[in-house]
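Please read the following account alongside the sequence and the coordinates. It goes from the chain as a whole to single residues.

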Amino acid sequence: MANRRCIQTLTHQLYKSKLYTNPSSLHHLRTLSQIPNLPLKPFQSHRYTLSNPDFNYPLTNFTTHRYYSSDRHNSSEEDDSEFDENEEEDDEMETSSAGKKEYSPEEKESEAAAIGYKVIGQLERSDRVFKDYEPVFAVIQSGSHQCKVSNGDCIYTEKLKFCEVNDKIIINKVLMLGSKTQTMIGRPVLPEAAVHAVVEEHALDAKVIIFKKKRRKNYRRTKGHRQELTKLRITDIQGIEKPEMPTPTKKVEKAAVAA
């Protein structure tokens with residue numbers, strides 16, 4: 001970009017100075033696609049020296065000098081950059097140490113109970129936790145969110161900290177149970193009700209852009225956030241009588257008797 005600007009200024013000056021009787025010979029200088037790559041002279045005193053190629057004219061060499069603020073090196077800037085790098089390293093160490101906080105088993109159980117679940121153990125191949133669909137629903141609370149679930153449903157909640165993939169959990173905060181014959185409402189929860197689930201995956205939600213702006217203050221901040229989620233598969237709902245599903249009866253087609 002700097003070379004093109006130099007060529008344009010030189011061409012403009014040559015047209016004004018009338019050094020050449022045939023100004024059409026400089027037409028190729030005005031076409032940016034035909035500008036040759038100009039050699040750069042050695043770097044001296046923080047400036048670039050550009051020279052024009054020989055076009056077989058009496059005046060062959062024209063030099064221009066441009067100063068760039070990016071060429072000025074200051075020792076204080078280097079010291080500031082080193083100080084910023086040290087601060088960033090300290091912040092990374094603090095965040096990593098904070099993320100590796102260790103919890104005792106009692107603390108894990110208490111925090112999980114505050115969220116509304118309890119970890120039983122790992123899912124094994126011999127476990128038959130997945131059952132057929134039952135006409136029962138429950139309204140559960142996980143953290144600060146509530147949702148309606150049934151047997152076999154798949155739901156996403158905010159990330160549960162103290163459980164891993166294939167863990168069996170019990171959700172204790174059941175606000176409501178219902179079936180075709182009865183409905184049970186908690187005050188605020190049902191103490192004898194429980195919803196069993198299996199952790200299938202820890203995933204990230206879609207990115208959300210947070211943009212802040214203060215007009216006429218030259219203030220703009222853009223941040224992105226991806227919420228951590230946990231995928232749960234509901235396996236059983238306990239605490240209510242479950243009506244039996246009617247078994248489908250096959251219609252027997254009677255063969256027509258040939259007369």
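The model is predicted. Its protein chain contains 4 helices and 13 strands. Of the 259 residues in the chain, 25% are buried. Among contacts between residues at least 6 apart in sequence, 64% join residues at least 24 apart.

In soluble globular proteins, nonpolar side chains tend to be buried together. Here the largest nonpolar core has 23 residues, and I169, V174, L177, V195 and L232 have the most contacts inside it. Two or more residues of this core come from each of β4 (137–142), β7 (167–171), β8 (174–178), β10 (194–204) and β13 (228–238). V174 shows what such a position touches: with neighbours within four places in sequence left aside, V174 is in contact with A138, V139 and I140, and also with P188, V189, L190, A193, A194 and V195.

Next comes the sheet. Strands of a sheet pair through backbone hydrogen bonds, either parallel or antiparallel. In this model, an open sheet of 4 strands runs in the order β5-β4-β8-β9, and its pairing is antiparallel. F137 stands opposite S150 in β5. Both β4 and β8 also belong to the elements that give two or more residues to the core described above.

The side chains of E134 and K242 are joined by a polar contact of 3.0 Å. Apart from neighbours within four places in sequence, E134 is in contact with N151, D236 and K242.

The cysteines remain. How many disulfides does a search of the whole structure find? The search finds 0. Is C163 buried or exposed? C163 is buried, because its relative accessible area of 5% is under the 20% cut-off. C154, with a relative accessible area of 31%, is partly exposed, since partly exposed covers the range between the buried cut-off of under 20% and the exposed cut-off of over 50%.

Conventions
Residues numbered from 1 in each chain as written. Predicted model: local features only at pLDDT ≥ 70, side-chain atom pairs only at ≥ 80, totals over all residues. Heavy atoms only, no water. Disulfide = S-S within 2.5 Å. Buried < 20%, exposed > 50% of the residue type's maximum accessible area, 1.4 Å probe, protein only. Core = buried A, V, L, I, M, F, W, Y, C linked by side-chain atoms within 4.5 Å. Contact = heavy atoms within 4.5 Å. Pairing = 2+ DSSP bridges. Polar contact = N/O pair within 3.5 Å; in protein donor to acceptor, adjacent residues only side chain to side chain.
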